[in-house]
Amino acid sequence: MRKPVALMLMLLSAAALLADSISFSGGTSSVVLRDGRESVVLSEGASVAVDTMSIKADTITLSGSDWRYVSCTGNTSITDESRGISIRTSSIWYDRSAERILISSWYEIDDTENEVTATGASLEYLLNEERLQLDKDVTLLKDTDENGIMRCTAESVIFSRSDNTLQLRGSASVDWDGDRYEAEVISVDLDTDSISLDGRIRGTING
């Protein structure tokens, strides 16, 4: 009976301490409630829901004052219905107070709101700013309807979901509608499909 009792204590403690809505579950659990060392470890189908965000992983650990930090390992997925974005990776670290998600493993992003998919190996997502910094061998695909898929690659990409813009840096290239653009820095407006090149540039345009 120790695990059900522990889970009930966790739920009661979270409800009492948090202003933001959070709920969680798992097949097995452990809990520490000492001041300054509070932690909850969930496994076997672990899941956490924060407002419209759903997080699932093999293991999820909640820690910090007011359960500020959410750390996930193994088959991790984030789905945020209100933002229209989902992320799949092997591990994440989420600071609920700062509204900041960090990923230092291979990830896949699906942004249905902006018709964008992306992969890379390092990510910082600032939720309150709707700003993603994607790093390490980034590939981003944008569906432009009539002109097909725009393929962007770079070592680093800043994706502003609020402005719907991209800034590509480091071995940056864009392949789109039969044309190819290369530059030190490439800026893309995803609303107008306009591309700006800065620094040493190269390109191939099919007339």
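Modeller: A disulfide is called wherever a pair of cysteine sulfur atoms lies within 2.5 Å. In general, a disulfide is a covalent bond between the sulfur atoms of two cysteines. Before the case itself, please note that this is a predicted model, in which local features need pLDDT of at least 70, side-chain atom pairs count only at pLDDT 80 or more, and totals for chains, interfaces and linings use all residues. Residues are numbered from 1 along each chain as its sequence is written, and side-chain values use heavy atoms, with hydrogens and water left out.

Colleague: How many disulfides does a search of the whole structure find?

Modeller: The search finds zero disulfides.

Colleague: Are Cys72 and Cys152 buried or exposed?

Modeller: The classes rest on relative accessible area, found with a 1.4 Å probe and protein chains only: buried is under 20%, exposed is over 50%, and partly exposed is in between. Cys72 is buried, at 1%, and Cys152 is likewise buried, with a relative accessible area of 1%. Across the protein chain of 207 residues, 41% are buried.

Colleague: Which residues touch Ser90, and where is Ser90 placed?

Modeller: A contact means heavy atoms within 4.5 Å. Leaving aside residues up to four places away in sequence, Ser90 touches Cys72, Thr73, Gly74, Asn75, Thr76, Ser105 and Trp106. Helices (H or I, at least four residues) and strands (E, at least two) are DSSP runs, numbered from the N terminus; Ser90 belongs to strand S6. Ser90 is partly exposed, at 37% relative accessible area. The protein chain has one helix and 15 strands in total.

Colleague: How should I read a cavity, and what lines the largest cavity?

Modeller: Rolling a probe the size of a water molecule over the atoms shows where empty space is left. On a 1 Å grid over the protein atoms alone, a cavity is a set of points where a 1.4 Å probe fits but cannot get out, and lining residues have an atom within 4 Å of a point. Grid points are joined across faces, edges and corners, and a volume is the space filled by probe spheres set on the points. The count here is one cavity of 30 Å³ or more, and the largest holds about 30 Å³ of space. Its lining consists of Met53, Ile78, Asp80, Ile85, Ile87, Ile101 and Tyr125. Strand S5 (69–80) and strand S6 (85–95) are the elements that give two or more residues to this lining.

Technical notes: On a 1 Å grid over the protein atoms alone, a cavity is a set of points where a 1.4 Å probe fits but cannot get out, and a pocket is an open set with protein on both sides within 12 Å along at least five of seven lines; lining residues have an atom within 4 Å of a point.
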